Each structure stands twice: as C-alpha cells, then as structure tokens.
Amino acid sequence: MTDQKDRHKRTIDIVNASLKRRYARERRFKAMGLGAVILGLLFVSALFFDIFSKGYTAFVQTHIELEVYFDPAVIDPDGKRDLEEISRADFRKIARAPLVKLFPEVTGRRDKLALYSILSSGAPYQLLNMVKDDVAVIGQTLTIDLIADDDVDMLVKGHIDRHLPAADRRVNDTMIDWIDRLEQLGLVKKKFNTRFFTNGDSREPELAGIGGAAAGSFYTLLVTLALSFPIGVGAALYLEEFAPKNRWTDLIEVNINNLAAVPSIVFGLLGLAMFINLFGLPRSAPLVGGLVLTLMTLPTIIIASRAALKSVPPSIREAALGVGASKMQTVFHHVLPLAMPGMLTGTIIGMAQALGETAPLLMIGMVAFIVDIPGGPLDPSTVLPVQVYLWADSPERAFVERTSAAIIMLLLFLIAMNTFAVIMRRRFERRW
Amino acid sequence: MAVDQEENEMTTAETVAADPALSGARTRSERGSRALGSDFETVGEVRVGDPRMTCTDVNVYYGDKHAIKHVSLDIAQNQVVAMIGPSGCGKSTFLRCLNRMNDTIDICRVTGEIKLDDQDIYDKRLDVVPLRAQVGMVFQKPNPFPKSIYDNIAYGPRIHGLASNRTELDEIVENSLTKAGLWEEVKDRLDQPGTGLSGGQQQRLCIARTIAVEPEVILMDEPCSALDPIATAKVEELIDELRANYTIAIVTHSMQQAARVSQRTAYFHLGNLVEVGETTQIFTNPRHKLTEDYITGRFG
C-alpha cells in the first residue's frame with residue numbers, strides 16, 4: 001500500500017516539475033504566433049496607409065469656376081444648329097474668353113498661352129459636350145466648373161512645393177500668382193472626380209480614368225470565369241470521381257500541380273503563340289486575355305475543387321449508392337452540392353489572382369494605350385493592373401496619385417471578391 | 001456429422017489441443033485459427049430450404065490480402081441472419097458483397113458466385129443500380145443526406161421514379177417513416193434537415209430511406225453501434241417487424257443483439273465462415289470451439 005502511495009507521489013512530482021516547462025513552451029508558441037500575425041498586420045497596414053495617403057487626393061479634381069459665354073458667332077456662325085458643324089467649332093476660344101476677361105493685364109502672346117494652360121485641354125470638350133446635350137445653351141452665359149490642368153491641380157492639392165526655387169518646379173511664379181488670385185475670388189473648386197471612374201486612359205492625367213481598364217478587366221474575368229469554372233470543376237470531378245487511379249492519372253496530377261507553379265509570363269508567351277499567331281485572334285482583346293488567364297487559373301481551381309470533393313465524407317456516397325443511385329446521380333445530387341462551397345472559394349480565389357495578373361497580359365498586347373472604353377470582349381483594351389503599370393511609368397506628377405487611386409480600386413475589388421468568397425462559404429457550408 | 005468431418009481434417013496434435021480439458025482458452029483459439037486453412041469447411045448447414053440469396057465459394061481479396069475465404073451461405077426468405085465475429089473477421093466485407101458495395105473500392109476483388117433469386121449478381125451484364133434498389137443497405141454510422149427529412153426519404157423513390165405524383169410520394173414518405181417508427185416524432189418537421197435529428201432518429205431515418213425504395217433484402221452493417229441502449233431497442237424492435245416483409249442480413253458486434261433479433265447466426269473468424277446455424281443452437285450449443293470461445297466471451 002505504502003509503496004503504491006509513494007509511487008503515486010513520485011509520478012505527481014514528476015508531472016508537476018515538468019508542468020512549468022510545458023506551459024512556458026505553450027506561451028512561447030502563442031507569443032510567436034501572435035507576433036507573426038502582428039507583423040503581418042503591420043506590413044499590410046503600412047502598405048494600405050501608404051497607398052491611401054498617396055491616392056485619396058485623386059478622387060477629387062480641381063475645377064475653375066468661370067462665366068462662360070456660348071458665343072453663337074464662334075460655335076454656330078450660320079445658325080443651323082448642325083451638330084457636326086458645331087463639333088468642328090473652336091471651343092478653345094469659348095473656354096479661354098472668361099480667363100482673358102478675369103486677367104485683362106495679360107497681353108503678350110506667350111503670357112496668354114501660359115494663362116490658357118490653367119485649363120485642361122479637356123475643358124473645350126467639356127463645353128462641346130454641353131452643347132451636344134442641349135443646343136439651347138448657345139447664346140447663353142453660364143457659370144461652369146471647367147477642369148483645371150494637372151499642374152494647377154497638383155499646386156492646389158499642395159503636391160507642388162511653392163518654396164522651391166522657380167527653376168525646380170513645374171509651375172512658375174506668374175502661374176502661382178494667377179492661381180492665388182483665382183482662389184481669392186473663390187473660383188477654384190475641388191469636386192468629386194467622376195471622370196476618374198468613367199473615362200478611359202488619357203495622356204492628360206486630369207482626363208485619365210480607370211473606366212476603360214475596369215471594363216477590360218470585367219470582360220477578361222468574364223471570359224476567364226466562363227471557361228475556367230466549368231472546365232476546372234469538370235476536370236476535378238473526372239479525376240476525383242470517375243478516373244481510374246493509375247500511372248496516367250498520377251502523371252496528370254503531377255502536371256496540374258506543376259502548372260500551378262509555372263511563371264505567369266510563360267502563359268503569356270503561350271497565349272501569344274497559340275491564340276494570336278496560330279488561331280489569329282485579335283491582339284489586346286479581353287477574349288485572348290481571358291483565355292490566357294483561364295490557363296493560369298485552371299490549376300488553382302482544379303486543385304481546390306479536388307480538395308473539396310475529397311472532403312465530402314464517403315458515407316454520403318455510400319448512402320446514395322445504397323439506395324440505388326448511379327455513380328452519376330451520386331456525384332451530381334450529393335457530392336457536388338456538398339463540394340460546391342469549396343469549389344466556389346477556390347474559383348473566387350483563382351479569379352482574384354487573375355484580376356491581379358499583369359505579366360501574361362503584357363505579352364498579348366493588353367499593355368497598349370487605349371482611350372476608348374471597350375464595348376465587348378473583342379475590342380482592344382487593357383486591365384486594371386496593367387493600367388497601374390502604365391501610369392506608374394508616366395512622368396507627370398499627377399499620375400502618381402492616380403496610380404495609387406487605381407491600386408485602391410483594384411484592392412477594393414479584391415477585398416470585395418474575397419469577402420464574397422467567405423460569405424459564400426459560410427452560406428453554403430453544411431454540417432453532417 | 002459436420003463436427004466429425006472437421007476434426008478429421010485437423011492434425012492429431014490439434015485434435016488433442018482442441019480438447020477443452022487439455023489446454024487453456026487462449027491456446028485453443030490460436031490452434032483453432034491455425035487450423036482454418038483454405039480447405040476449411042463451415043460447420044453447420046449453410047443451405048436453407050427457401051433461399052433469397054445464395055452465396056457459393058465467395059472469396060474477397062483486398063490487393064494481396066485474402067479477406068474472405070471460400071464462404072458459402074444462404075440467406076433465407078423473411079428471416080434475419082446475423083453475422084458475428086471479432087473485428088477484422090470479414091463479416092462487413094461479406095455483407096458489402098451482397099449488394100456489390102465493394103465495387104467502390106478499387107483494390108477489392110470478388111470471386112465465387114452470389115445469386116439473388118437465381119440471378120448471379122456478379123454477372124458482368126448485371127446493372128448494379130437495380131441490384132442496389134433490390135438489396136438495400138443501412139450503414140454503421142447514421143448517414144442521412146444533408147437535406148430535409150422529407151427529401152431524405154423521397155430521394156430513392158424519386159431517382160427510381162417510384163411515384164408518379166406528389167401525393168404518391170407523400171404516401172411513400174409517410175409509410176416508410178411509419179414503418180421505421182419515426183413518423184410520430186417527425187411528422188411536423190419534415191422540412192427540417194435530417195442531420196438535425198438525434199443519433200437514434202437518424203439511424204431510423206436511414207432505415208426508412210432504405211425501405212422507401214421497397215427493397216427485397218436489407219443489409220445492415222452494425223446499425224446500432226453508434227446508438228444508446230434505448231435507441232438500440234427501438235431499432236431492434238423495428239428489425240423484428242421488418243422481418244415480415246423483408247429478408248434481412250445484419251452484422252453486429254453485440255452477441256445479445258444477434259441473439260435477440262436473428263433466426264440464424266453465422267460466425268466469421270479471420271475470413272472464414274466458421275459456423276452457421278439456428279441462432280438458439282449457436283448460442284446454447286455451439287459446435288465449433290472458436291464459436292464457443294467467442295460467444296462465451298473468452299476472446300474477441
């Protein structure tokens with residue numbers, strides 16, 4: 001009896017002695033995990049802070065409020081109100097006239113040109129569009145907010161340092177003086193930059209927008225989704241449920257996993273050689289981009305879908321087979337619905353990857369400067385990440401904030417897609 | 001006599017060892033299992049007068065492993081036959097041969113002949129879908145579909161087209177649930193998920209799902225192993241009632257259960273069918289040493 005008691009005592013002593021060490025190890029492990037998460041969050045927040053602090057100003061645009069007289073003598077001298085005729089009219093004169101009126105002391109040709117450069121080269125088109133919308137404005141005098149030039153925009157937003165020596169800044173003293181006077185008159189306004197969302201690309205930063213790139217991304221992803229989801233899920237279903245397990249299927253599996261790791265630029269080259277050179281599909285088109293991205297996202301979708309299929313408990317298959325369902329019915333009535341959340345998650349992650357992909361699209365010509373907004377998957381276009389790449393390459397100071405703003409939009413799309421993936425998973429997740 | 005035949009096949013040493021007076025239980029069972037060669041013959045009458053299913057010289061291999069060795073057994077009409085034996089003895093494997101459930105395992109190979117009403121179910125031309133509609137199965141773990149209670153029952157009739165309209169389907173669902181003794185408990189919540197029921201209810205739901213397709217034979221693979229005694233009692237009661245209309249083969253780990261629900265019992269050991277006979281005979285007067293050791297709880 002005593003012997004047994006002693007032994008019990010010894011065991012508990014040993015356990016107690018090691019307890020401290022065990023808990024210390026647990027605490028260390030927890031601290032390391034927490035540290036890793038905090039570090040990750042720090043980097044992410046630093047990235048977000050940097051991009052947002054640089055980019056948020058692009059969502060407003062400086063406008064100059066001017067009293068514009070739609071002079072019939074300039075716009076429509078013969079009074080026929082013919083829109084084609086009107087389109088050829090010199091709207092620059094109309095836009096510039098109020099400036100001349102505000103600064104009557106500016107007389108020299110050169111000084112006048114400098115004065116006119118306060119307004120964007122897009123300002124005359126702004127007026128033209130107003131006339132096109134409603135010819136009744138001809139002959140009227142209206143107060144209109146005209147788009148300012150990007151340099152003015154930068155100055156007003158404080159991105160150009162006034163205290164630098166005149167030779168080192170893009171805006172000279174006279175211009176600063178004019179802007180200051182306009183500001184004193186309360187004519188300089190910062191308005192929400194809708195053009196940034198609706199316009200295509202432009203050489204002028206104040207006119208450039210992500211509309212074209214977003215449409216391009218949309219069509220590209222549409223093609224990618226329409227192809228990669230059915231093909232990926234089909235391939236996963238076949239490999240997981242129907243294919244015999246032999247050397248060939250092993251080989252296919254190795255190849256699929258390999259494809260997931262192939263550099264994306266290689267897919268771009270493949271797309272260039274296959275779809276454009278061999279099949280003769282149009283360059284720079286979202287269709288080709290979508291095809292290339294399909295090749296790229298297929299491995300992701302197949303791997304995720306197979307994992308989802310594997311995670312369906314065999315008892316469900318047995319239950320279905322047990323009541324006499326055929327293989328096909330078992331798969332489509334029971335296994336597939338249960339695997340669907342996993343498949344959708346994989347697909348959306350693949351789509352998010354495709355949305356952010358740049359390199360392969362450079363190879364198939366989606367890097368071109370395209371002003372028009374694409375109307376379909378066959379029109380030349382670019383995509384959001386390539387737009388970011390293009391703008392990041394541009395020298396104008398105003399493109400810096402636009403680059404950041406485009407990145408913000410891209411991130412928002414990605415966050416939205418990934419949130420959607422999480423919601424879908426939660427919604428369709430079933431317990432058994 | 002079967003006993004005599006068997007003992008004639010044993011070596012002298014084993015005959016001596018098999019005598020309970022001469023050695024302990026452990027030694028005897030070890031000797032006994034060694035004696036089960038490929039030429040082993042089952043003790044007891046494997047054939048019955050009115051067989052529903054007839055198995056002749058069935059062998060099952062998992063890759064190189066010989067899991068079922070030369071088993072012949074009849075499953076009689078409107079009877080419950082229980083298959084008992086220690087873990088890994090092949091009783092579940094054998095049961096799964098009866099509706100070709102083993103087809104889903106790639107490395108599994110079955111030889112021999114299994115007939116359902118004179119139709120060889122391993123015939124290459126035979127379609128497993130109607131076979132499984134005829135020979136239903138209830139599994140060890142309750143496995144309702146993650147769908148509503150109604151859809152769980154209606155699934156089989158739907159895919160086989162047993163009901164031509166909604167009223168008929170409703171009827172089948174109600175009948176099946178009533179037969180499974182679950183109707184009163186779930187009639188007000190047919191649209192709720194089957195997975196939300198308790199373990200015992202889930203198993204009865206699975207039984208209802210099986211009988212909804214009106215099979216002729218029902219295979220049950222340890223249907224009560226995940227259930228508490230009360231739920232077990234209900235399922236056993238149900239099995240007894242089902243016997244009137246169906247032929248049932250049940251695998252169980254509980255000898256009491258085998259004794260309670262079955263009319264015939266088959267004892268499996270390491271892939272051999274050691275002994276088969278009337279349940280009362282097996283449990284009161286086993287003829288083979290291994291059977292005796294097992295049912296008296298000396299091993300297994």
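Predicted model: local features only at pLDDT ≥ 70, side-chain atom pairs only at ≥ 80, totals over all residues.

In the hairpin that β9(B) and β10(B) form, two residues lie between the strands, and Leu270(B) takes a positive phi near 45°.

- Strand β9 of chain B covers residues 264-269, and six of its six residues are buried, so the strand is largely enclosed by the rest of the structure.
- In a regular strand, side chains alternate between the two faces of the sheet.
- From β9(B), Arg264(B), Ala266(B) and Phe268(B) point one way, while Thr265(B), Tyr267(B) and His269(B) point the other way; all are buried.
- Strands of a sheet pair through backbone hydrogen bonds, and the pairing is either parallel or antiparallel.
- With strand β3 of chain B (residues 80-84), β9(B) pairs in the parallel sense over four bridges.
- With strand β10 of chain B (residues 272-278), β9(B) pairs in the antiparallel sense over six bridges.
- Arg264(B) of β9(B) stands opposite Val81(B), and the bridge partner of Arg264(B) in β10(B) is Glu278(B).

**An open sheet in chain B**

- Four strands of chain B form an open sheet with antiparallel pairing, in the order β2-β1-β4-β5.
- The edge strands of this sheet are β2 (65-76) and β5 (119-120) of chain B, each of which pairs on one side only.
- Strand β1 (residues 51-62) and strand β4 (residues 108-116) of chain B pair in the antiparallel sense over eight bridges.
- Between these two strands, Thr54(B) has Lys115(B) in β4(B) as its bridge partner, and Asn59(B) stands opposite Thr111(B) in β4(B).
- The antiparallel pairing of β4(B) with β5(B) runs over two bridges.
- A hairpin with two residues between its strands is formed by β4(B) and β5(B), and Asp117(B) in the turn has a positive phi of about 50°.

**Chain B as a whole**

- Chain B contains 13 helices and ten strands.
- Of the 300 residues in chain B, 47% are buried.
- Of the contacts in chain B between residues at least 6 apart in sequence, 69% join residues at least 24 apart.

**The contact between chains A and B**

- Chain A contributes 17 residues to the contact and chain B contributes 21 residues.
- On the side of chain A that touches chain B, α14 (314-322) and α15 (327-355) of chain A each supply at least two residues.
- The largest share of that side of chain A, six residues, comes from α14(A).
- By class, the side of chain A that touches chain B has seven nonpolar, six polar and four charged residues.
- In α14(A), the buried residues are Ile316(A), Arg317(A), Ala319(A), Ala320(A), Leu321(A) and Gly322(A).
- The cover over the buried residues of α14(A) includes elements of both chains: α15 of chain A, and α5 (128-134), β6 (135-138) and α9 (199-212) of chain B.
- After α14(A) comes Gly324(A), whose phi is positive, near 95°.

**Helix α17 of chain A**

- Helix α17 of chain A spans residues 384-392, and seven of its nine residues are buried, so the helix is largely enclosed by the rest of the structure.
- The buried residues in α17(A) are Leu384(A), Pro385(A), Val386(A), Gln387(A), Val388(A), Leu390(A) and Trp391(A).
- These buried residues of α17(A) pack against α10 (211-242), α16 (359-363) and α18 (398-428) of chain A.

**Domains of chain A**

- The domain assignment divides chain A into domain 1 (2-56), domain 2 (59-199) and domain 3 (211-428).
- The centres of domain 1 and domain 3 of chain A, taken over C-alpha atoms, are separated by 38 Å.
- Four residues of domain 1 of chain A are in contact with six residues of domain 3 of chain A.
- On the side of domain 1 of chain A that touches domain 3 of chain A, two residues are nonpolar, one is polar and one is charged.

Key. Residues numbered from 1 in each chain as written. Chains lettered and ligands numbered in written order. Domains from an automatic or database assignment. Contact = placed C-beta atoms within 7 Å. Nonpolar A, V, L, I, M, F, W, Y, C, P; charged D, E, K, R; others polar. Buried ≥ 20, exposed ≤ 12 C-beta atoms within 10 Å, placed from the backbone. Pairing = 2+ DSSP bridges.
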